[in-house]
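The following note sets out points for a colleague reading this model.

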Number of protein chains: 2
Amino acid sequence: MFMKPGVSPDTFPPRSHEAKRVSVVDAAASVFCREGYAGANIDLIAAEAGVSRQTVYNHHGDKEKLFVAVVRDLTERCNAGIFATIASFPDQPADLEADLIAFAVRMNRNCICNRDGRFLRKLIQAEGGRYPELFAEWREHGPGRTWSALAARFARLAFAGHLSIGDPDVAARQFLALVNAELQITFMLGGMPTEEEVLRSATNGVRTFLSAFARKKSPAGKQAALVHA
Amino acid sequence: MFMKPGVSPDTFPPRSHEAKRVSVVDAAASVFCREGYAGANIDLIAAEAGVSRQTVYNHHGDKEKLFVAVVRDLTERCNAGIFATIASFPDQPADLEADLIAFAVRMNRNCICNRDGRFLRKLIQAEGGRYPELFAEWREHGPGRTWSALAARFARLAFAGHLSIGDPDVAARQFLALVNAELQITFMLGGMPTEEEVLRSATNGVRTFLSAFARKKSPAGKQAALVHA
DNA sequence: ACAAATTTAGACAGGCTTGTCCAATTCGTC
DNA sequence: GACGAATTGGACAAGCCTGTCTAAATTTGT
């Protein structure tokens, strides 16, 4: 025994208690997504989590509370992933195009295409109308802050002379729209794009983005273009 | 009596038979979208359609058949709207930016934001996994042909010297992604953007699109740009 | 090894839904 | 006005699901 006794004597959570709770939430996320809230069945969730039905009720009380727990869990993890990824935005880019493509791929892989991202998106689409306040929280902390943070990064790149941007918020939304442009249908059907599809969409999107927003340079052959009102 | 007797003497459909069928399908679309397939309840559909439950069964036989009828109906109407709208694409544009914005607004208003568009999208997102072959049909006839048709129009504009495009298919997908960039969240929650939001998103999207793809002109006047290759 | 807490399997009531059946009624047509 | 088809409202069985309860089995901490 390598843990000091006496440090946490009271209400020490039994070992697998929390582990089972996590299993249940994970299984519930999967079943809620596959079957919808109304179609999800507690027996199936219990079976998929490898616990008995009663355990599900012991931990979460009620189908609706379980659903809320699932959404909160997914929201939290997704937002954490989003901010970790935004933190990797290229501030002093060596090769702006390559850096933006890599960033877009990371964003897709870690936040949008992964299990949590796909599940959360589907739950929002399917049940968003039924739990407005639950998803309002997501909306504010997730996409709202994502766009702001991204806009701030773009503004910085513009200030540093790498981009020529009118409204950074618009540019941020358009950036995300562009790098996902070719994945829309796959997302709509709940599918998972291949690594190659993600890369191609990001590449095409970033190239178009830079065609629109790259600082107009005056290379040797075109030196006169910059003088313009 | 202006119809020749004897032409269709047998099984002549009574007048309001078809009207009720339509009512039922419309109500079913609404309820399936709001509640999901599993949560949709035939009594509610019947009530919302203003008919008795038995009539629903008389017309469509079965919950699943009713669902299929709803999806086919929505798919058909949406595709019809899409092609009508694509036909209004500006081929010989007077003012390319204004024409593309107007086209984007029409596309949004008539195909994506309207009742059928929102309903179909939600059903695809929620139940796409459960009826792959049903939505495969939509996928092929809807977005697939939309993109091809749009790509062909862009290629034509490029050939006429109005745009400078690498891959027309990519440009078509990016065009749609850009003009919807600011409506994503609203769509995700199943909401209906205001006319002003649609216009703003389209305007911002088209401007960025043209920044990336407009034929590069020589800024002096614009007289020299055409002599090229 | 012992005691407490947790988990399990199963039964169970209550409620809701689907799909069918049927008699009474309404509607459209002649 | 009369006929036939469609519609209605309601009853009905069968099935499924939620949420509770219980007693037995298992796990956990000491």
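1. A residue is counted here as near a molecule or strand if its C-beta atom, placed from the backbone, lies within 6 Å of it. By that criterion, 20 residues surround DNA strand D in this predicted model. The closest are Lys63(A), together with Val51(B), Ser52(B), Gln54(B) and Thr55(B).

2. Which helices supply the surface near DNA strand D? From chain A, helix H1 (15–39), helix H2 (42–49) and helix H3 (53–60) each contribute at least two residues, as do helix H1 (15–39) and helix H3 (53–60) of chain B. H3(B) gives the most, with three residues. The composition of this surface by class is seven nonpolar, eight polar and five charged residues.

3. Confidence in chain A should be read by region. The average pLDDT of chain A is 88, and 88% of the residues score at least 70. Residues 1–14 of chain A, however, have a pLDDT below 50, and this stretch has one contact in the model beyond near neighbours in sequence. For residues 218–229 of chain A the pLDDT is likewise below 50; there the model shows seven contacts beyond near neighbours in sequence.

4. The contact between the protein chains draws 34 residues from chain A and 33 residues from chain B. On the chain B side, the elements that give two or more residues are H1, helix H6 (115–127), helix H7 (132–159), helix H8 (168–179), helix H9 (184–188) and helix H10 (195–213). H1(B) provides the largest share of that side, six residues. By class, the side of chain B that touches chain A has 15 nonpolar, twelve polar and six charged residues.

5. H10(A) has 19 residues, which should span 27 Å at 1.5 Å a residue. Its end C-alpha atoms are 26 Å apart, so the span agrees with that expectation. The buried residues of H10(A) include Val198(A), Asn204(A), Val206(A), Phe209(A), Ala212(A) and Phe213(A). Their cover includes H5 and H8 of chain A as well as H8 and H10 of chain B.

6. H10(B) also has 19 residues and reaches 26 Å from its first C-alpha to its last, close to the 27 Å expected. Among its buried residues are Ser201(B), Ala202(B), Gly205(B), Thr208(B), Phe209(B) and Ala212(B). The buried residues of H10(B) pack against helix H8 (168–179) and helix H10 (195–213) of chain A, together with helix H5 (96–112) and H8 of chain B.

7. Is Ala102(A) buried or partly exposed? Ala102(A) has 16 other C-beta atoms within 10 Å, and is therefore partly exposed. The C-alpha atoms of Ala102(A) and Thr203(A) are separated by 8.8 Å, although these residues are 101 residues apart along the chain.

How values were computed. Residues numbered from 1 in each chain as written. Chains lettered and ligands numbered in written order. Predicted model: local features only at pLDDT ≥ 70, side-chain atom pairs only at ≥ 80, totals over all residues. Helix = DSSP H or I, 4+ residues; strand = E, 2+ residues; numbered from the N terminus. Nonpolar A, V, L, I, M, F, W, Y, C, P; charged D, E, K, R; others polar. pLDDT = per-residue confidence, 0-100. Contact = placed C-beta atoms within 7 Å. Buried ≥ 20, exposed ≤ 12 C-beta atoms within 10 Å, placed from the backbone. Expected span 1.5 Å × (residues − 1).
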